[in-house]
Amino acid sequence: MADMLALFTSIGLSEQKAKETLKNEALSSALKDAVTQAQRVRGASGVDKTMGTLLYNMASRLKDTKRLTFLSDNIAQCKICTELQLAAALDFVKSHPQEPINQKAFEEACGVGVVITPEQIEDAVETVIKKHKEQLLNERYRFNMGLLMGEARTALKWADGKVIKNEVDMQVLHLLGPKTEADLEKKPKVTHVMTGEGKSLMEQLRGEALKFHKPGENYKTEGYVITPNTMDLLKKHLEITGGQIRTRFPPEPNGILHIGHAKAINFNFGYAKANNGICFLRYDDTNPEKEEEKYFTAIKDMVEWLGYKPYAVTHASDNFQQLYDLAVDLVRRGHAYVCHQKGEELKGHNAPASPWRDRPVEESLVLFDRMKKGVFAEGEATLRMKMVMEDGKMDPVAYRIKYTPHHRTGDEWCIYPTYDYTHCLCDSIENITHSLCTKEFQARRSSYFWLCNALDVYCPVQWEYGRLNLTYTVVSKRKIIKLVETGVVRDWDDPRLFTLTALRRRGFPPEAINNFCARVGVTVSQTTTEPHLLESCVRDVLNDSAPRVMAVLEPLKVTITNLPENSKSDVRVPDFPANEAKGSHVVPFTRTIFIEQSDFREVMEKGYKRLTPEQPVGLRHAGYIISVQKVIKDAQGKVVELEVTCCSSDTAEKPKAFIHWVSQPLLCEVRLYERLFLHKHPEDPAEVPSGFLSDINPVSTSALHSALVDISVKEAKVFDKFQFERVGYFSLDPDSTADKFVFNRTVTLKEDPGKI
C-alpha cells in the first residue's frame with residue numbers, strides 16, 4: 001500500500017488524492033498499471049505531473065481495460081498531450097473494440113502531430129469576432145463570450161483552450177475598450193424552466209435518441225460485452241435493418257393492459273416513430289396456463305386505440321423450434337444442464353446449489369430430449385443456465401415442463417421457455433436495436449447480454465426506464481382478478497379501474513393518456529402520480545373535442561304558464577360556445593321544461609344566485625328569463641313542480657345567473673364514479689393493514705336512473721363524448737340500448753369556487 005501511495009504521489013497526485021484513489025480497488029489497480037507502463041517507456045523519473053494527470057484521467061474513464069497499455073504508451077510517447085486529445089482517444093478505442101487498432105487512424109482521430117500556430121488562433125478569433133461584431137458592440141460585456149470561444153474551438157479543434165481564451169479576451173478588449181460602470185452592473189437573472197410538460201412526447205423521445213446508442217453501435221453502451229464475433233454480428237444486423245431503429249412492445253397475453261403499460265406503449269412505439277423506426281407488437285406467450293384469446297385481442301385493440309400501428313404482430317411461440325434448437329446448442333457449449341431440484345427449492349435468492357450442475361453435456365442432451373418427449377412429469381426436471389444474475393440469483397431456469405395445450409401450438413410442446421431465456425433471444429431474432437423495458441429488469445441486463453453472447457448470436461442493448469404508478473388504485477393482474485371475483489368491480493373494464501379498457505369505457509380520450517405520459521416525462525426513475533394529473537389532461541382534450549349538450553341529472557319539472565299549451569320553438573345551441581364556427585344543434589323549447597333540482601331553492605340564502613321564489617334566473621341559449629309563480633309539493637312536502645312565467649331576456653333586467661334546461665328530452669341513466677380506494681396506497685400494509693380489499697370506497701359508484709338529456713344526442717354511438725353543460729364530461733356506455741342511453745361521467749368540470 002505504501003509503495004502504491006509513493007507511486008501515485010510521484011506522478012503529481014496530492015497525498016489526499018492518492019489515498020482516496022487507493023480506496024477504489026479497480027481504479028488504483030488500473031492507475032498502477034498505467035504508470036508502470038509509462039515508466040517503462042520514459043524511465044522511472046520521466047513521468048511528470050502533466051503526464052501523470054493524463055494517466056489518472058485515462059485510468060478513471062477507460063471502460064475497456066485491455067486498451068490501457070496502448071493508451072499509456074501513447075501518453076508516454078507524448079502523442080496524447082492534452083485533455084482534448086485524451087477524450088478523442090477514449091472515444092476512438094470505444095468505437096474500435098476489435099484488435100488490432102489502426103495506429104495511423106488513431107493518430108489522425110486524436111490530432112497527433114497537429115501544430116496550431118499563434119497566427120492561426122489569431123485569425124480564427126478575428127473571424128468569429130467579425131461575425132458577431134454588431135451584437136458585441138450593442139451588448140458589450142453582457143454578450144455571451146462562451147459563444148466566441150466555442151466557435152473558435154470548432155474552427156481549431158486541437159488548439160489549446162487557454163490560448164484561445166487569452167486571444168478572445170485580448171481582441172474583445174481591443175474592440176470594446178475597458179469595462180465601464182454600466183458593464184459592471186449585474187445582469188438580471190432570467191430563469192428558464194424546461195420540464196417534460198413543456199415538450200411533446202415525440203420531442204422528448206427524439207431527445208432520448210441522443211442518449212441511446214446508434215443502430216450498429218451497440219458496443220458503445222456501458223456494460224455491453226464484446227466478443228471476437230461482435231463486430232461481424234453487428235455488421236450482419238445492419239445489413240438486415242439498414243440502420244433503422246427497431247423496438248418492440250412485448251406484453252404477456254394473460255391480462256388487460258393498464259395505465260402503466262400506456263407509458264411502455266408510448267415509449268416503445270413512440271421512440272421508434274419519433275426516430276423513423278419500426279416497432280413490433282410481440283406477445284410473450286410462453287405460459288399456456290394463463291393465456292386467453294380475449295387478452296390477445298384486447299392488447300392489440302388498446303395499442304391501436306392509443307394511435308399506434310405495429311410494424312408486425314409476432315409471438316414468442318413463432319420461435320419455439322428455433323428457441324429449442326438454441327437451447328440444445330447452449331447445452332452443447334457447456335452453458336446449460338438438466339436439473340431435478342423442485343420448484344420450492346429454487347425459490348428465493350439463497351437456493352442451494354444444484355448437485356446436477358456439473359453433469360456431462362451428453363447426459364443433459366439426452367435428458368433435455370426426454371423432457372421434450374414428455375418422459376418426465378411436471379416439476380421433475382428443468383433446463384437451467386450456468387450463470388449468476390445481477391441480483392445474485394444462481395442458474396435461472398430456461399425451460400420447464402407444462403402439460404397444458406398452447407393456444408397456438410396445441411399439444412406440440414410440453415416444455416416451454418421462460419422469460420429470462422426467451423426475451424433476449426426473440427429480441428435477437430427480430431433484430432431489435434433498443435430493448436426498452438422498465439427499471440425492475442435492470443437486474444436481468446447482464447443475463448440478457450450473457451445469453452446472446454454464450455450462443456454467439458446478435459446481441460441487442462437493453463435500456464431501462466422508470467415505471468409509471470398511480471395512487472388510489474391497484475394495477476396488478478392478480479389483484480384485479482380478486483376485485484372481479486369478489487364482485488367489487490364488474491370486470492376488467494369497470495370505469496373505476498385504471499386498465500386501458502376501463503379508461504376507454506369511462507370516456508378518457510387516447511390523446512389525453514398519451515399527453516399524460518408526455519407530461520410525466522420519459523424518466524429513468526420510478527414515478528408515482530396522482531390521478532388528478534391524468535384527469536387534467538382529459539379535461540384539456542375534451543374541452544376542445546366534446547360538443548356541449550344540456551342534460552339534467554336530477555330533474556325538477558317546470559311549467560311556463562304564460563306560454564300556450566302547444567307552444568314549441570327551436571333553440572339553436574352552439575356545440576362549442578367559445579367557437580361557434582365549429583357547429584351547432586337544435587333543441588325544442590316548449591311549455592314544459594326540466595331543470596336541476598339544485599338550481600332551485602325555496603328559501604333564499606346569501607350568495608345563492610339561481611332560482612328562488614324571489615329571484616328570477618335566465619335559461620341558457622333560450623333568450624328567456626323565468627320567475628316563480630307557484631311551488632307545487634307532494635304529500636311528503638318535497639318540491640315536485642314549479643309554475644313560472646317567462647319574459648324575453650332582451651327586455652328584462654339581466655339576472656344573476658343562467659341555468660341549463662331540457663325540453664322533450666330523452667330519458668337516460670347516468671353513472672357517477674369516485675375513487676375506488678380510500679387511501680393513496682391501498683397495497684401498502686402501513687397505510688392499509690387489513691389489505692387492499694378492506695380499503696374499498698363504499699360510495700365509489702352511484703347511478704341516476706331518471707336523468708334527462710336533450711335530443712341532440714339521439715344518434716350518438718358508444719364511446720361518443722359530450723360536455724353536459726355546467727355538469728361535467730360524459731361518455732356513452734356500451735350498456736346503452738335503443739330504448740335507454742347510459743352515460744358514464746368521465747370527469748367533472750374544473751371547479752369554480754365562485755359558483756354556489
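1. Helices (H or I, at least four residues) and strands (E, at least two) are DSSP runs, numbered from the N terminus. This is a predicted model, in which local features need pLDDT of at least 70, side-chain atom pairs count only at pLDDT 80 or more, and totals for chains, interfaces and linings use all residues. Residues are numbered from 1 along each chain as its sequence is written, and side-chain values use heavy atoms, with hydrogens and water left out.

2. P100 lies in the loop between α6 (83–95) and α7 (103–109). The peptide bond joining E99 to P100 is cis, with omega about -10 degrees.

3. Two residues other than glycine deserve a check of their backbone: phi is near 45 degrees in D395 and near 70 degrees in H621. D395 sits in the loop between β5 (382–385) and β6 (397–401), and H621 in the loop between β18 and β19 (624–633). D395 counts as buried because its relative accessibility is 3%, whereas H621, at 28%, is partly exposed. Here buried means under 20% relative accessible area, exposed over 50%, and partly exposed in between (1.4 Å probe, protein chains only).

4. Six strands form an open sheet with mixed pairing, in the order β17-β14-β20-β19-β18-β21. Its edge strands, β17 (592–596) and β21 (658–659), each pair on one side only. Strands pair if DSSP finds at least two bridges between them. β18 (residues 617–619) and β21 are joined in the parallel sense over two bridges, and G618 has F658 in β21 as its bridge partner.

5. D123 belongs to helix α8 (residues 118–131). D123 is partly exposed because its relative accessibility is 46%.
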